[in-house]
Amino acid sequence: MSTEAAISRSIEEYLEILYTLTRNGSTASTTEISRQLRVSPASVTEMLKKLASKGYVKYSPYRGTTLTSEGIKIAQKVTRKHRLLERFLYDILKIGKDLVHKQACEMEHSLSDEAETALCQMLKHPDKCPDDSKLIPPCDLQFSSCEECLERRGEHLEEVGKRNQNLFSITDLKEHDIGKVTMIRGDRKVLQRLLDMGLTPGTNISVVRVAPLTGPVEVAVRGSKLALGRNIASNVFVEVLEN
Amino acid sequence: MAKLAFCHPTTSSGEAYLQKDNKRLTIALAGNANVGKSVVFNQLTGSNQIIGNWPGKTVERAEGTLHFEDYEIKIIDLPGIYSFSTFSLEELISREYIAFEKPDVVINVVDASVLERNLFFTLQLIEVEAPLIVCLNQMDVAKKKGIVVDIEKLQTVLGVPVVPTVAVRGEGLRELMKATIKVARHEVKIKETKIKYGDEVETRIEKLAQLIEFEQLELDYPSRWVAIKLLENDPEIRRLVTKSDVVVRASEILAEEIARIHKEPCYAVIASERYFLANMIASNLQTQSKTKTTISEKLDWLTTHKVTGYITSAGVIAGLLLWTFTMGNFLSSLLSSALGFLEPVNPKVSGTIVSILWNGIFGGFVAGVTLVIPFVIPFYLVLTMIEDSGILTRVAFMMDSAMHKIGLHGKALIPLILGYGCNVPAIYGCRIMETRRERLLAAFAITFAPCAARTVVILGLVAVFVGAEWALALYAFDLLIIFTLGRIAFKVVPGKSTGLIMEMHSFKIPSLSIMAKQTWTRTKSIMYIVFPIYLVGSAFVQGAYALGVLEPINNAMSFLTVGWLGLPAVAGILLLFGAVRKELILLGLVAIYGTNLALFLTPVQFIVLALIGMMYIPCVSTTVILAKEFGWKAATVISMANFASAMFIGGVAFRLLALIV
């Protein structure tokens, strides 16, 4: 492996860990990162500084680290590949739950975007990884739904184009956050139900309530309020607007 | 405030009836859920209602009659829906009804406070070219929210009459009916709509519609609507046009063109555009003055808060159960002492066969009067209140994650609670769930909910002879059973769970008279099912017992009842009795042994008998409902599952309890 590849790989690993650790809106501490990656705190600090200089993270020695939007973009991509691979290893190759994580870690860095899309289509757009049920991030292609991705199967990915903005699941938002509906994951039935209820692409929603214990999310949309069960809400992705 | 003052003559002489033959109308009420559609229906039809099923479907069909001016008007309350796609039975039924039965007028009930969402459906009713009139309801709620709607403008834009109403108070309904009759008489010209989609969509709709006309497919639906549905790739409509290859091909090509222009699947484009139109109309003619936080919003905050939300939810559920049981017990004892004067109510097992049969019939009647009615009426009354007010939606919201553990979502809580009163209406109530699998899972869980009759057994056997704490423990244990078996069923029954998508409408103060009417209609439909089964069933088991037919079965069962469960030999008979009506387990025991049961049973036997009685098999009425809703196969499987788990748990309990008690 070339040094360059090794560096980019290591960057991806860091961003991936940071993505998971900062998911609930908190910051990641150096100790936590060093524990998870099994490297010394000193090298973590060094790496975080390097990532900060590249514009991937906001690093502050005392307040912890958060990802920048550029950092989130890379982190989402690699996390998505990782979790899709886990699904593939588990669902298709029938490899045990305890083994998929390590194997996916090895494979994620070399998976091309084309392979990623093909994998996602073959697995019928899975939404959760097998080992810890974490959400698989959405793809970065300009699709408004997985159904559209299927309809335009023959096209080259360049024709589809990539998004400029990072997408977040409604379940990642906090109360009072505002987002623009951009992508919906799910089959035609779920999609049609959501469209009929007014969650059409480009619609602004604001989060009214997030029920505790992975309960539903209440959103305000088109002058009314809707409760969406956690499983449905987690598959509605938005661009976060000002809150 | 003009109250609605229609007269409802229930009978008219045959002659007058015939003369009025040409003055009969059929109108359908259509609209979103929770917009006050059933309130309008109840206000218009009074007590002249028939609640049944859509032929061959487990969707409730409510029909009523109104006499207004010289007209006899049949009113059909269509299910509350948001769209005309084919993905739910309710939507399919509604659009087929409008297209095939061609009602004289369709009244679209619209919530004035949520105009945009409601107009999305109104636009579809216009598309299907129904003779339409808009009932702009809940004007009071809109006013409280600071929303003012320009009715004239709405009328012009939609091209159909719009009548503002506050249905709970009866305001505007007279005007609504007058306008309805004008539409039915074709006195109002329904203008061709000027509402059009964006150019690139509209031109393709027109092209396809022309092609459909040209092909002469003889469809019941209007061509433009069929064209839109084909572009939306509606599977049902596609099936209708399969004989014309040209139309199928053209719709595919046109849909693909639209999809390519908008970079979205065509059906998503059409939904987006329709909502865009709804938004344009709504925002053009309504003004929203920002008001201070309303009480409704404060209540909303309180009932969905992570601490107070659970407290209110628990309070609502506990309150509902507590109210049902206190009111139920009070009314029940009142009624049974009143009826007891007429004839002894306890089952008679000796004497002449005629007197035994008569006693059975009478006992069944008394049981219906004293067990079902006293519990069902108070329960429905309060349930209707928390349902109509919007509290139940919040409880479902808070309880969603807990219900997910047994494969159901928050809405399933409603029938489950209902099951504590009586299983029969509860299983009916499962219809609010989206899929058959969910209805089945909910119904299964419900069969373990200790209904009023089982409560009688638990209290009569355990609370009286062993101790109230043991009766309470049985209740708590039952919750555990519901949860555990519900979870097992969820894992075993194949299929995917649908998630919760539910509108959280604003809080409303429900109307007492509507509550009373709805309670009565619901109670009536239960009585029709339960009473015949009670009467015939009770007479049958008592007669069979007296003739000695049950004895051999009892003996055959003794290896289970005596050997495995440690119960006295008579238990088999009791369980056969209980299959008809659960409380017969207690009443039968009293008939055979007298009232001092402590002389004949040990504390462990009391508990085990109550436990078995609680879960061993759904009563006949429940089984009939299960079969009606899900077929005999499912009903049998559920009953067997009940029996197997009761035997297992009962046997284990007998052995464990022997060590403790």
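**Paired strands and a two-chain sheet**

Q: What makes E1(B) and strand E5 (residues 105-111) of chain B a pair?
A: 5 bridges join E1(B) to E5(B), and the two run parallel. Two strands pair if DSSP finds at least two bridges between them, so these two qualify. B:Gly31 stands opposite B:Val109 in E5(B). This is a predicted model: local features need pLDDT of at least 70, side-chain atom pairs count only at pLDDT 80 or more, and totals for chains, interfaces and linings use all residues. Residues are numbered from 1 along each chain as its sequence is written, while chains are lettered from A and ligands numbered from 1 in the order written.

Q: Why is E1 of chain B called a strand?
A: A strand is a DSSP run of E with at least two residues, numbered from the N terminus.

Q: Why do E3 of chain A and E10 of chain B stand at the edges?
A: The open sheet has 7 strands, in the order E3(A)-E8(A)-E4(A)-E5(A)-E6(A)-E7(A)-E10(B), with antiparallel pairing. E3(A) and E10(B) each have a single partner strand, so one side of each is left without a neighbour in the sheet.

Note on methods: Helix = DSSP H or I, 4+ residues; strand = E, 2+ residues; numbered from the N terminus.
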